[in-house]
Amino acid sequence: MALSKLSHLYMAVVTEHSKTPHNHGQLEGVAPVCLHNPSCGDVIELFVQFDQTHLTDIAFSGEGCSISTASASMMTDCVKGKSKKDVLELIERFSALVQGQHEKDQEGLGDAAFLAGVAKFPQRIKCATLAWNALKQALNEANHS
Ligand code: ZN
């Protein structure tokens with residue numbers, strides 16, 4: 001696919017997720033992980049529910065730029081219902097992807113793979129990874145409780 005077509009597609013997917021984010025809201029009875037990206041002003045509250053082995057439900061709220069909102073929306077889509085082990089692997093894949101390590105396996109990332117383009121904009125990487133960092137923190141807390 002031509003590069004210009006690809007970037008149009010990328011913009012369309014990001015815009016759609018930021019305008020109508022998936023899994024937007026809160027989960028009752030779940031304490032959120034709150035993270036802030038001071039370089040842009042993005043704030044995320046991430047609600048994650050685990051059972052013994054799996055991530056059973058996820059939702060997010062907060063205020064952020066289109067990249068951070070789209071990334072959170074894409075992330076919730078791709079990790080919902082996955083095992084904790086798979087979730088950790090997806091976090092690592094996404095982190096490698098936005099740091100420009102395109103040779104890494106992108107399987108399972110879904111629409112989030114479109115955010116590979118932010119690797120070219122170092123100041124936006126923090127926007128793209130905010131939700132994923134919050135998820136990693138929630139996973140750590142679930143594993144140590
Ligand atoms: Zn941002």
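Helix α2 has 14 residues and extends 20 Å from its first C-alpha to its last, close to the 20 Å expected at 1.5 Å a residue, the expected span being 1.5 Å times one less than the number of residues. The model is a predicted one, in which local features need pLDDT of at least 70 and side-chain atom pairs count only at pLDDT 80 or more, while totals for chains, interfaces and linings use all residues. Residues are numbered from 1 along each chain as its sequence is written, and side-chain values use heavy atoms, with hydrogens and water left out. Helices (H or I, at least four residues) and strands (E, at least two) are DSSP runs, numbered from the N terminus.

Of the 14 residues of α2, 12 are buried, so the helix is largely enclosed by the rest of the structure. Here buried means under 20% relative accessible area, exposed over 50% and partly exposed in between, with a 1.4 Å probe and protein chains only. Among the buried residues of α2 are I67, M74, M75, C78 and V79. After the helix comes G81, which has a positive phi, near 85°.

The zinc ion is coordinated by C40 (SG), D42 (OD), D42 (OD), C65 (SG) and C127 (SG), at 2.2 to 2.7 Å. Donors are N, O and S atoms within 2.8 Å of the metal (3.2 Å for Na, K and Ca); water is not among the atoms, so sites may look incomplete. Along the chain, the zinc donors follow the spacing C-x1-D-x22-C-x61-C. Distant parts of the chain are linked in this way: C40 sits in the loop between β1 (33-37) and β2 (42-50), and C65 in the loop between β3 (55-63) and α2 (66-79), 25 residues apart. C40 counts as partly exposed, at 35% relative accessibility, whereas C65 is buried at 18%.

Strands β2 and β3 form a hairpin with four residues between them. Their pairing is antiparallel, over eight bridges, where two strands pair if DSSP finds at least two bridges between them. F47 has A59 of β3 as its bridge partner.

The largest nonpolar core has 40 residues, of which V79, W132 and L135 touch the most other members. Such a core is a set of buried Ala, Val, Leu, Ile, Met, Phe, Trp, Tyr and Cys residues joined through side-chain atoms within 4.5 Å. Two or more residues each come from α1 (3-19), β2, β3, α2, α3 (84-98) and α4 (122-143), with α4 giving the most, 10 residues. Leaving aside neighbours within four places in sequence, L135 is in contact (heavy atoms within 4.5 Å) with L46, V48, L55, I58, M75, V79, V87 and I91.
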